[in-house]
Amino acid sequence: MNQFTEAYQKEPNDILSFIKEISSKRFDVKIVSDFCEAEYNLCSTFEYERRVLDISGTGGTGYQTINVGTISAFILASLGIPVAKLSFPSYSGSLGSADILKRYNMPIRTSQKEIFEDLDQFNLCFLQREYGLEGLKRNKKIAEIVNMMPQKSIFRLLGPLCHPLRPDFRVYGISQKNKISAINNYLRKNTEYYLLVSGRSGIDEVDICDSTDIWEKNEKYSMNVEDICLKKISVKDIEVDSSRSKKIFIEILENRAAKPFIDLVLINVAAGIKVIKGDDWEKGYKLAKDELKSGRPLEIFKKMSLFDDS
């Protein structure tokens with residue numbers, strides 16, 4: 001039996017011991033594959049008629065930054081790219097995707113019907129996994145021990161990999177350097193095209209404070225934003241507490257936030273464009289910049305924030 005599936009049958013304290021033990025072991029692709037297989041056995045998966053992109057980070061950076069992936073999703077969708085964005089509460093940043101969406105009364109979907117309707121209407125859906133009875137039982141056990149898990153446990157690290165639509169395209173950000181090789185091996189086998197990105201400043205996305213290490217299918221390289229005429233900035237220039245994060249979220253979509261925040265978002269949108277269209281970083285950045293200026297991403301946001309039939 002899959003080691004995770006077997007552990008989930010046990011009592012909460014036994015599950016906690018298992019998670020602590022496996023989180024301390026040598027991290028390899030078998031652990032990643034076993035985790036994802038067990039998770040997919042507990043939740044629903046759907047096949048959408050168009051191929052979708054997910055842009056997610058694993059958290060664990062320790063920085064209080066804006067939710068880059070969520071803002072980027074609106075710009076990518078505005079460009080005609082179907083984005084199915086997994087959305088969770090904050091793990092390390094000032095606001096997680098689910099936190100910011102909740103503030104704006106924006107729906108996070110779980111059912112196939114609602115996921116497909118949002119993608120059809122907006123090119124964008126924010127979603128979480130829908131669990132069956134066994135999954136709900138497991139989740140109840142996890143809820144009892146979640147606050148006792150290691151901060152960088154395997155459970156938190158790999159959760160964003162398990163996506164109900166099993167997307168063909170992904171931008172996956174990670175800050176834990178010693179976990180990258182195994183996750184890259186898993187994505188190579190299970191994703192048509194992806195960028196796995198890790199900022200050298202410690203952020204789990206394309207970095208504007210330092211170089212970014214990038215795994216693009218079978219190629220590994222580093223990217224420096226100064227190569228596309230952007231200025232490197234300090235991490236403190238993109239940190240913000242939760243009370244300011246909501247305001248900056250809107251300011252970015254209105255294209256009137258401070259330049260470091262906008263540049264951070266646009267270079268991560270460029271990553272999504274690169275995965276889908278193959279454009280180089282400079283072209284993707286310029287395309288994202290023009291799209292933000294058009295006001296179309298903000299219009300999608302306004303429509304979706306009112307589109308709550310729950």
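**A pair of covered strands**

A: Leu86 stands opposite Leu127 in β3, and Lys85 stands opposite Phe126 in that strand. These positions belong to a predicted model, in which local features need pLDDT of at least 70 and side-chain atom pairs count only at pLDDT 80 or more, while totals for chains, interfaces and linings use all residues. Residues are numbered from 1 along each chain as its sequence is written, and side-chain values use heavy atoms, with hydrogens and water left out.

The strands in question are β2, residues 83-86, and β3, residues 124-127, which pair in the parallel sense over four bridges; two strands are said to pair if DSSP finds at least two bridges between them. Strands (E, at least two residues) and helices (H or I, at least four) are DSSP runs, numbered from the N terminus.

In a regular strand the side chains alternate between the two faces of the sheet. In β2, Val83 and Lys85 lie on one side and Ala84 and Leu86 on the other, and all of these are buried, so that both faces are covered. The strand β3 is likewise covered on both faces, with Leu124 and Phe126 buried on one side and Cys125 and Leu127 buried on the other. Here buried means under 20% relative accessible area, exposed means over 50%, and partly exposed lies in between, with a 1.4 Å probe and protein chains only.

Asn123 is found in the loop between α6 (112-122) and β3. Asn123 counts as buried because its relative accessibility is 16%, and it has a positive phi of about 65° although it is not a glycine. Not counting residues up to four places away in sequence, Asn123 touches Arg50, Ala77, Gly80, Ile81, Pro82, Val83 and Asp118, where contact means heavy atoms within 4.5 Å. Asn123 and Phe27, by contrast, are 96 residues apart in sequence and 36 Å apart in space, C-alpha to C-alpha.

Another positive phi in a residue other than glycine is that of Asn105, near 55°. Asn105 sits in the loop between α5 (97-103) and α6, and it counts as partly exposed because its relative accessible area is 49%.

Beyond this part of the chain, Gln176 occupies the loop between β4 (169-173) and α9 (180-190). With a relative accessible area of 7%, Gln176 is buried, and, leaving out residues up to four places away in sequence, it touches Lys152 and Leu157.

Val29, in helix α3 (residues 29-42), is partly exposed, with a relative accessible area of 23%. Although 152 residues separate Val29 from Ser181 in sequence, the two are 8.1 Å apart in space, C-alpha to C-alpha. When residues up to four places away in sequence are not counted, Val29 touches Ala182, Asn185 and Tyr186.

Lys277 is placed in helix α11 (residues 259-277), where a relative accessible area of 44% makes it partly exposed. Apart from neighbours within four places in sequence, Lys277 is in contact with Leu79 and Leu287, whereas Lys277 and Asn67, 210 residues apart in sequence, are 24 Å apart in space, C-alpha to C-alpha.

As for the whole, the protein contains 13 helices and seven strands, and 58% of its 310 residues count as buried. Its C-alpha trace spans about 55 × 40 × 35 Å along the principal axes. The radius of gyration is 18 Å, which agrees with the value near 19 Å that a compact globule of 310 residues would have; that radius is taken over C-alpha atoms, and the globule rule is 2.2 Å times the number of residues to the power 0.38.

Among contacts between residues at least 6 apart in sequence, 69% join residues at least 24 apart. The protein exposes about 13,400 Å², of which carbon and sulfur atoms supply 46%, the areas coming from the Shrake-Rupley method with a 1.4 Å probe.
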